[in-house]
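Dear colleague,

Please find below the structure that I am handing over to you, followed by an account of what was found in it.

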Amino acid sequence: DGSGAVTVDISFDPTKAELKNNRLLRVGTQFLLPAGYENVYWYGKGPVETMNDRCEGAMTGAYNTTVTEMFYPYLDTQDTGNMTGVRWFTVTNDNNRTALAITAIDDFEASALHYTTEDLTIARHPYDLTELEETVLSINNCSSGAGNKSCGPDTLDEYRLLTDKVYEYSYTIVPYTAGNAFYGIPSYVSDVTRQYRTEASSIIKAATFDDD
């Protein structure tokens, strides 16, 4: 739109994919941000990482951390830093006022790490990892629940992602100037993303304008 915001509509069809147990781990998008984007702010569940079957102990609110702190060094290296129930998510750079916020009408999941998904999958232990200078930003429509298979039952049916349907979702990338957040990043980002996380955004997308 005229402000520079970009709304992304995604349709992901895994119905013909040949995957083990016809299950997905995650449906989402990854961005690679330049080095220096380290400060993380979001409005959603927190302050600790959550999964869709591990979020009852989290409280919805505005939180901040760093990309480095979002990584938890599990003994057996695995996915970490996921936040659920997110309404907006942004990563900023102390040396660059330019920033992007991700927001959506529906809640989504997000994380920001100095490691790729492939890095976390291949490594067996934290000391096998090499930290990237860049930031890997993940914006996810949904992810599979964690379950408790190591010492109990597998992920319950309602928390599984199956390949038997098409996944459709949408989010908006909103540019803003972090230096303008004179009364706090969370309040400012809430303001600049508000129109894109309400039904009003559908009106904006459908609007037409006269040539004059």
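Arg 26 counts as partly exposed, at 26% relative accessibility. Please bear in mind that the model is a predicted one. The side chain of Arg 26 meets that of Asp 79 in a salt bridge, with an N to O distance of 2.8 Å. Since Arg 26 lies in strand S3 and Asp 79 in the loop between H1 and S6, the pair ties together parts that are 53 residues apart in sequence. Asp 79 is likewise partly exposed, its relative accessibility being 34%.

How many salt bridges does the structure hold? There are three. Another joins the side chains of Arg 87 and Asp 107, at 3.1 Å from N to O. This pair also links distant parts of the chain, with Arg 87 in strand S6 and Asp 107 in strand S7, 20 residues apart. Arg 87 is partly exposed at 23% relative accessibility, and Asp 107 is partly exposed at 45%. The side chains of Asp 191 and Arg 194 form a further salt bridge, at 3.0 Å from N to O. Asp 191 has a relative accessible area of 35% and is therefore partly exposed; Arg 194, with 41%, falls in the partly exposed class too.

Glu 109 deserves a separate paragraph. This residue is placed in strand S7, which covers residues 96-113. Glu 109 is buried and yet has no salt bridge. The nearest side chain of opposite charge belongs to Arg 26, at 4.8 Å, whereas a salt bridge requires a nitrogen to oxygen distance within 4 Å. The side chain of Glu 109 does make a polar contact, at 3.2 Å, with the side chain of Asn 82. Apart from neighbours within four places in sequence, the residues in contact with Glu 109 are Asn 52, Asn 82, Met 83, Thr 84, Val 86, Ser 138, Ile 139, Asn 140, Cys 142 and Ser 143.

Turning to the overall arrangement, the protein has four helices and ten strands. Along the sequence they follow the pattern β-β-β-β-β-α-β-β-α-β-β-β-α-α. Of the 212 residues in the protein, 40% are buried. When contacts between residues at least 6 apart in sequence are considered, 72% of them join residues at least 24 apart.

Strand S4 (residues 37-46) is largely enclosed by the rest of the structure, because seven of its ten residues are buried. S4 runs antiparallel to strand S6 (residues 83-93), and six bridges join the two. S4 also pairs with strand S5 (residues 59-66), again in the antiparallel sense, over eight bridges. Asn 39 illustrates both pairings: this residue stands opposite Thr 92 in S6, and its bridge partner in S5 is Thr 66.

Which residues have the most contacts inside the largest nonpolar core? They are Val 40, Phe 89, Val 91, Phe 108, Ala 112 and Leu 137, in a core of 32 residues. Two or more residues of this core come from each of strand S3 (26-33), S4, helix H1 (67-70), S6, S7, S8 and strand S10 (167-177). S7 gives the largest share, six residues. A second, separate core has nine residues, among them Tyr 41, Ala 99, Tyr 188 and Val 189. As for Leu 137 in the largest core, its contacts beyond four places in sequence are with Thr 29, Gln 30, Phe 31, Leu 33, Phe 89, Val 91, Ile 102, Ser 111 and Ala 112.

Finally, I would draw your attention to Glu 134. This residue lies in the loop between helix H2 (117-122) and strand S8 (135-143). With a relative accessible area of 30%, Glu 134 is partly exposed. Glu 134 and Ala 35 are 99 residues apart in sequence, but their C-alpha atoms are 4.2 Å apart in space. Not counting residues up to four places away in sequence, Glu 134 touches Leu 32, Leu 33, Pro 34, Ala 35, Leu 113 and His 114.

With kind regards

Conventions: Residues numbered from 1 in each chain as written. Predicted model: local features only at pLDDT ≥ 70, side-chain atom pairs only at ≥ 80, totals over all residues. Heavy atoms only, no water. Buried < 20%, exposed > 50% of the residue type's maximum accessible area, 1.4 Å probe, protein only. Lys, Arg positive; Asp, Glu negative; His and termini not counted. Polar contact = N/O pair within 3.5 Å; in protein donor to acceptor, adjacent residues only side chain to side chain. Contact = heavy atoms within 4.5 Å. Pairing = 2+ DSSP bridges. Core = buried A, V, L, I, M, F, W, Y, C linked by side-chain atoms within 4.5 Å.
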